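Student: I would like a close look at one part of this model, and how it sits among its neighbours. Please keep the answer plain.

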Amino acid sequence: MMIWGDKRYHSLDYELKQTFGEKVYRLSLNGGMTCPNRDGTLGNHGCIFCSAGGSGDFAAAPDLSVHAQILSAKKRIQAKTGCKKFIAYFQAYTNTYAPVEYLRRIFTEAIEEPDVVALSIATRCDCLPPDVLDLLDELNRRKPVWIELGLQTIHDKTLHAIRSGFTLSQFEQAVSDLHKRNIPVITHLILGLPGETKEDMLSSVRYVGSLPVTGIKLQLLHILKGTDLGTAYMADPFPLFTLEEYCDLIADCIALLPPEIVIHRLTGDGPRNLLLAPLWSTDKKRVLNTIQKCLRERDLWQGKNI
């Protein structure tokens, strides 16, 4: 059996403590960008699950400078923790969807903060042109740069249904391009998308485990107000995971992942003022404790069932 600290999976917290010698916190930032799936390039409404905040509902206001956003977020976190090291996390919308000169300015502003130890950028696989890849390569030589790519599922039928606007082959090309430049990739999957079976979801996890990626985020599907998915759910509710069902699935997912892949997320935080369902997901501590309990009872750990 493999153990990472006190967990049966390779958590981000464990990896950061091993790398930087102490706990590191993410600062959610807003680069003031939009998305080709919202501005009319590919579509006008975004993915069916995406909120008006572009999955950056916890990020700072975009009218503040990056420096001001970092100071504000640090002040809020340090009031509770006294931490000293941070990850600058550009979270809202598509954070490489802008001219490279603009990206250079905001990303450089972030990594020049002395207590920022890494730069994490959430983006789309179809928004990584050569000049942006060159910039990321350059920045990665100064401080670690992580690219978070939303895949959600490997199944084309589901990708079309959720209006992702990209294909699996585009995702594969982006991973290849980043891997060639030694830029770490974190892949995002959503568990519980309408129409997907348990085996569909496990197939997506197996696929990610086969890629040259360093991290994964496993996200419980949240039904949010103001989204097309939310509207559909309110009109005709469809089945969602119970807490026990979800934690049992997560245990299966963990057992299928190679031990070296860092698990950045196992559930996710839906904004309480927007969350329609599942409401049990607001108790994150309970969810994580139930996952740990499930792993122990089933004698599973990361990589056991590869």
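Is the crossing of helix 2 and helix 3 left-handed or right-handed?

Tutor: This is a predicted model, in which local features need pLDDT of at least 70 and side-chain atom pairs count only at pLDDT 80 or more, while totals for chains, interfaces and linings use all residues. Residues are numbered from 1 along each chain as its sequence is written, and side-chain values use heavy atoms, with hydrogens and water left out.

The crossing of helix 2 and helix 3 is right-handed, meaning that the near helix is turned clockwise from the far one by less than a right angle. Helices (H or I, at least four residues) and strands (E, at least two) are DSSP runs, numbered from the N terminus. Val-66, His-67 and Ile-70 of helix 2 make the contact with Ile-106, Glu-109 and Ala-110 of helix 3, where contact means heavy atoms within 4.5 Å. These residues divide into 4 nonpolar, 1 polar and 1 charged; Ala, Val, Leu, Ile, Met, Phe, Trp, Tyr, Cys and Pro count as nonpolar, Asp, Glu, Lys and Arg as charged, and the others, Gly among them, as polar.

Strand 2 (residues 86-90) and strand 3 (residues 116-123) run parallel and are joined by 5 bridges; two strands pair if DSSP finds at least two bridges between them. Along this pairing, Ala-88 stands opposite Leu-119 and Phe-90 opposite Ile-121. Strand 1 and strand 2 also pair in the parallel sense, over 5 bridges, with Tyr-25 opposite Phe-86. The chain passes from strand 2 through helix 3 to strand 3 in a right-handed β-α-β crossover: with the strands pointing away from the viewer, the path from the first strand over the helix to the second runs clockwise.

Strand 2 is largely enclosed by the rest of the structure because 5 of its 5 residues are buried, that is, under 20% relative accessible area with a 1.4 Å probe and protein chains only. Phe-86, Ala-88 and Phe-90 are buried on one side, Ile-87 and Tyr-89 on the other.

The open sheet has 7 strands in the order 1-2-3-4-5-6-8, with parallel pairing.

Technical notes
Buried < 20%, exposed > 50% of the residue type's maximum accessible area, 1.4 Å probe, protein only.
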